[in-house]
Amino acid sequence: MKNLIVANWKCNPTTLKEAKQLFDSIKKSAKNIKKSEVVLCPPFVFLKELSFFKKGSLVFFKLGAQNCFWEKFGAYTGEISLPMLRDLGCEYVIVGHSERRKYFGETNEIVNKKLKAIIDAKLTAILCVGETQEQRNNGETEKVLKEQIIKAIKNISCSKFHVSNVCIAYEPVWAIGTNNPCDHEEAQKMGLLIRKIISEIYSRPVSQKFRLIYGGSVKGDNAAGYIKEAGLNGLLVGGASLDPKEFLGTIKSIE
Ligand code: PGA
């Protein structure tokens with residue numbers, strides 16, 4: 001199984017020109033990447049151009065969206081549906097990111113609706129879960145992760161979860177954008193906990209097969225430990241994915 005490296009550009013950059021430049025510099029220096037599956041998640045408005053840009057060149061990466069709406073179409077002002085994303089060449093969708101939970105009121109119930117819709121649309125979901133600093137200090141990490149996962153996968157059958165290739169990203173909120181990454185040993189512990197939760201809900205074989213990745217202040221100098229020491233299957237990279245040198249350094253360190 002290849003390592004999954006997801007670049008979450010969040011609400012950056014502000015122009016199409018800059019987005020193309022960023023895409024281009026990653027593309028140019030990324031020819032020798034073999035062991036990683038790289039997914040770039042730019043803002044919605046750049047997806048179309050970047051998928052054109054991607055066509056015809058021997059690029060190794062895939063496109064993903066940072067969010068989606070659960071209905072296919074209709075009177076839902078401002079929303080972007082999964083058929084629209086698929087039409088643009090998106091293969092992955094991030095769901096339940098802590099910034100969406102915090103700033104846009106996304107509840108576990110909303111995450112569940114989106115996750116089901118992503119699976120039905122046959123795209124690959126990257127489901128983000130993670131505790132805040134306060135929850136960690138109060139000893140609530142396990143409870144929070146359990147609740148986020150149980151509610152996110154509610155009414156999704158074991159076989160559907162299994163065949164849909166859902167990926168879970170452990171993203172402790174206190175580590176995101178703080179330069180204070182979760183250490184490798186702790187990430188390994190959390191990874192095992194998440195697999196245990198999935199095993200209790202579904203089954204042990206299913207809990208061993210899905211991809212589990214880490215996100216939160218990942219950079220070139222700490223990336224390798226999450227794969228080699230913590231035994232995780234990839235990374236979700238925010239800030240460092242906006243700097244081509246840092247992002248490529250991150251990928252190369254785990255190749
Ligand atoms: P960061 O963001 O790498 O800037 O900490 C990670 C994320 O939010 O997915």
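This is a predicted model: local features need pLDDT of at least 70, side-chain atom pairs count only at pLDDT 80 or more; totals for chains, interfaces and linings use all residues.
Helices, which need at least four residues, and strands, which need at least two, are runs assigned by DSSP and numbered from the N terminus.

The account begins with the strands. Eight of them, in the order E1-E2-E3-E4-E5-E6-E7-E8, form a closed barrel, and their pairing is parallel. Neighbouring strands of this sheet are turned against each other by 25° on average, when direction is ignored. Strand E1 covers residues 3-8 and strand E2 covers residues 36-41; the two pair in the parallel sense over 6 bridges. Within this pair, Leu4 stands opposite Glu37 of E2.

The next region to consider is the loop between E1 and H1, where Lys10 is found. The phi angle of Lys10 is near 50°, a positive value in a residue other than glycine. Pro13 lies in the loop between E1 and H1 as well. The peptide bond that leads from Asn12 to Pro13 is cis, and its omega is near -10°.

Lys10 also directs attention to the ligand. Which residues come nearest to the ligand, out of the 13 around it? They are Lys10, His97, Glu171, Gly177 and Ser217. In the case of Lys10, a polar side-chain atom lies 2.7 Å from an oxygen atom of the ligand. Ser217 takes part through its backbone: a polar backbone atom of this residue is 2.7 Å from an oxygen atom of the ligand. Gly239 likewise has a polar backbone atom at 2.8 Å from an oxygen atom of the ligand.

The helices may now be examined. Two packed helices are described by the angle between their axes and by the distance between those axes. Helix H1 spans residues 16-28 and helix H12 spans residues 244-254; their axes come within 10 Å and cross at roughly 35°. The crossing in which H1 passes H12 is right-handed. Which residues of H1 meet residues of H12? Leu22, Ser25 and Ile26 belong to H1, and they meet Pro244, Phe247 and Leu248 of H12. By type, the residues of this contact of H1 with H12 divide into 5 nonpolar, 1 polar and no charged.

A last stop is the loop between helix H7, residues 141-152, and helix H8, residues 158-163, where Asn155 lies. Asn155 is not a glycine, although its phi is positive, at about 60°. A positive phi in a residue other than glycine was also described for Lys10, in the loop between E1 and H1.

Definitions and conventions
Residues are numbered from 1 along each chain as its sequence is written. Side-chain values use heavy atoms; hydrogens and water are left out. Axes are lines fitted to C-alpha atoms, for helices over the stretch in contact, and angles run from 0 to 180 degrees between N-to-C directions. A crossing is left-handed if the near helix is turned anticlockwise from the far one by less than a right angle, and right-handed if clockwise. Contact means heavy atoms within 4.5 Å. Ala, Val, Leu, Ile, Met, Phe, Trp, Tyr, Cys and Pro count as nonpolar, Asp, Glu, Lys and Arg as charged, and the others, Gly among them, as polar. Two strands pair if DSSP finds at least two bridges between them. A residue is near a molecule or strand if one of its heavy atoms lies within 4 Å of it. A polar contact is a pair of N or O atoms within 3.5 Å; within protein, one must be able to donate a hydrogen and the other to accept it, and residues adjacent in sequence count only if both atoms are side-chain atoms.
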